[in-house]
Amino acid sequence: MFWNRDDRGCVGVGEVLRLTFSGEQRYLEASRAWREIAAHAEIDDPVGMPGSGLLAFGTFAFADDSSVESVLIVPRILVNRHRGTAWITEITRVDSSQVAGEKSVPVLPTATDLGVWHGVELHAASDSVDRATAGSKVDDYLAGVVEATQRIDAGAVEKVVLSRQIAGEVSAGADLRVPLDRLSAKYLDCWTFAVDGLIGASPETLVRSTGGAVSARVLAGTRGRHPEDAARDRAARDELLRSAKEQHEHDFAVQSVVTALAPHVRDMRTSDDPFALQLPNVWHLATDLGASLGAETTALELVDALHPTAAVAGTPTADAVELIAELEPFDRGRYSGAVGWIDADGDGEWVIALRCAQVTEADGGSGSRTVVATAGGGIVAGSDPQHELGETVSKFRPITEAFSSGS
Ligand SMILES: C=C(O[C@H]1C=CC=C(C(=O)O)[C@@H]1O)C(=O)O
């Protein structure tokens with residue numbers, strides 16, 4: 001397991017506890033279960049930093065009725081760093097499955113060079129391929145966008161986020177630290193993560209809650225980057241900042257976060273106007289939000305209040321979620337759900353699982369693993385299907401490049 005942004009993050013090794021959740025109450029059930037575990041844990045934490053002591057990583061499904069399970073995983077060993085400070089945490093489980101007096105031997109990870117990587121091309125499904133296992137079809141996506149704009153014109157929703165999938169196979173023995181290393185080296189403004197096979201680098205902080213301070217970064221509104229042509233790149237950024245359509249789409253996302261957080265926080269403040277966040281693959285309209293935690297609320301309870309924001313579902317939320325279920329021909333799984341960590345105080349950092357891929361367990365026979373990446377975008381009145389398709393291509397880039405055979 002891996003969680004890192006620039007000079008802050010941690011690696012989790014092994015697994016002492018795995019809790020699974022599903023259904024509408026998954027975030028709240030996870031929060032309740034975690035409170036219970038934390039209350040009974042004996043913790044020796046001389047570090048006292050965000051993420052020190054007992055911690056669980058989690059990845060949650062987007063949809064209430066997803067067949068993909070949501071998990072909290074407590075690693076056996078945690079290796080953390082926070083700027084200039086680094087520490088190791090060992091977690092053991094003392095219950096009936098462990099004999100009294102039994103000694104658990106810490107297995108510290110040893111540094112090894114990055115291993116074999118042959119690369120994988122991720123593709124949308126063609127007519128002849130089963131879309132459940134090999135991505136969705138581009139034509140289905142384009143038809144979905146057309147249908148969505150018609151529904152918007154008819155007043156069914158104001159905004160809906162539609163996504164599509166691409167897929168590929170990584171060969172047996174492939175070292176998944178290679179794509180992770182590439183993501184983390186390139187996407188410095190993003191949280192790079194690997195939790196239960198979900199690998200990605202997300203720029204969107206759903207919520208961070210540490211020591212009573214709450215923050216979020218809301219993103220919606222996108223333009224592809226043109227790093228090879230500085231003038232064109234600047235023009236794309238300026239056009240994004242001026243676009244009434246993108247500002248409108250962004251406002252929905254900010255409003256959904258402000259409304260959901262308001263009952264749980266005090267002194268909420270946001271940046272005045274959206275700013276242009278520069279990532280290696282795209283420009284995004286971004287709004288940063290800060291607040292103080294109002295009552296004793298865990299980070300997972302805040303996630304429950306926030307999910308799904310208009311950046312990944314739409315407006316109004318319930319109608320948008322229904323339309324997504326109707327127009328997307330696949331289960332999103334953990335894409336656009338929350339991924340992050342929670343500690344024994346209930347503090348945590350959760351990002352929206354974007355720019356990511358789910359890697360399956362190795363196949364028993366061939367040893368290969370399937371990689372399914374998902375990306376989407378907000379559809380509002382006047383959205384153009386080809387433009388939206390291009391936007392998904394830009395949003396897939398972190399994953400297609402990280403998993404490619406190139407260096
Ligand atoms: C839904 C995705 O991005 C969201 C986050 C930022 C910008 C978005 C947009 O401009 O549509 C999306 O709301 C995705 O990356 O799959």
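Helix α2 passes helix α8 in a right-handed crossing; a crossing is called right-handed if the near helix is turned clockwise from the far one by less than a right angle, and left-handed if anticlockwise. The model is a predicted one, in which local features need pLDDT of at least 70 and side-chain atom pairs count only at pLDDT 80 or more, while totals for chains, interfaces and linings use all residues. Residues are numbered from 1 along each chain as its sequence is written. Helices (H or I, at least four residues) and strands (E, at least two) are DSSP runs, numbered from the N terminus.

**Helix pairs**

The table gives the axis geometry of two pairs; axes are lines fitted to C-alpha atoms, for helices over the stretch in contact, with angles from 0 to 180 degrees between N-to-C directions.

| Helix pair | Axes come within | Crossing angle |
|---|---|---|
| α2 (residues 138-153) and α8 (residues 385-402) | 9 Å | roughly 130 degrees |
| α1 (residues 26-40) and α6 (residues 299-306) | 8 Å | roughly 170 degrees |

The angle in the table makes α2 oblique to α8, and that of the other pair makes α1 roughly antiparallel to α6. Angles under 35 degrees count as roughly parallel, over 145 as roughly antiparallel, 65 to 115 as roughly perpendicular and the rest as oblique.

Residues are in contact if their C-beta atoms, placed from the backbone, lie within 7 Å. From α2, Val 138, Tyr 141, Leu 142, Val 145 and Val 146 meet Pro 385, Glu 388 and Leu 389 of α8. In α1, Tyr 27, Leu 28, Ala 30, Ser 31 and Trp 34 meet Leu 300, Glu 301, Val 303 and Asp 304 in α6.

**Surroundings of the ligand**

The shell holds 17 residues, of which Leu 219, Thr 222, Ala 311, Gly 377 and Gly 378 come nearest. Strands β8 (159-170), β12 (213-224) and β20 (369-379) each supply at least two residues of this shell.

**Backbone features**

Most residues other than glycine have a negative phi, and most peptide bonds are trans. The bond from His 307 to Pro 308 is cis, with omega near -5 degrees; Pro 308 is found in the loop between α6 and β16 (314-315). Another cis bond joins Thr 315 and Pro 316, with omega about -15 degrees. Asp 196 is not a glycine, yet has a positive phi of about 55 degrees.

Terms used:
A residue is near a molecule or strand if its C-beta atom, placed from the backbone, lies within 6 Å of it. Two residues are in contact if their C-beta atoms, placed from the backbone, lie within 7 Å.
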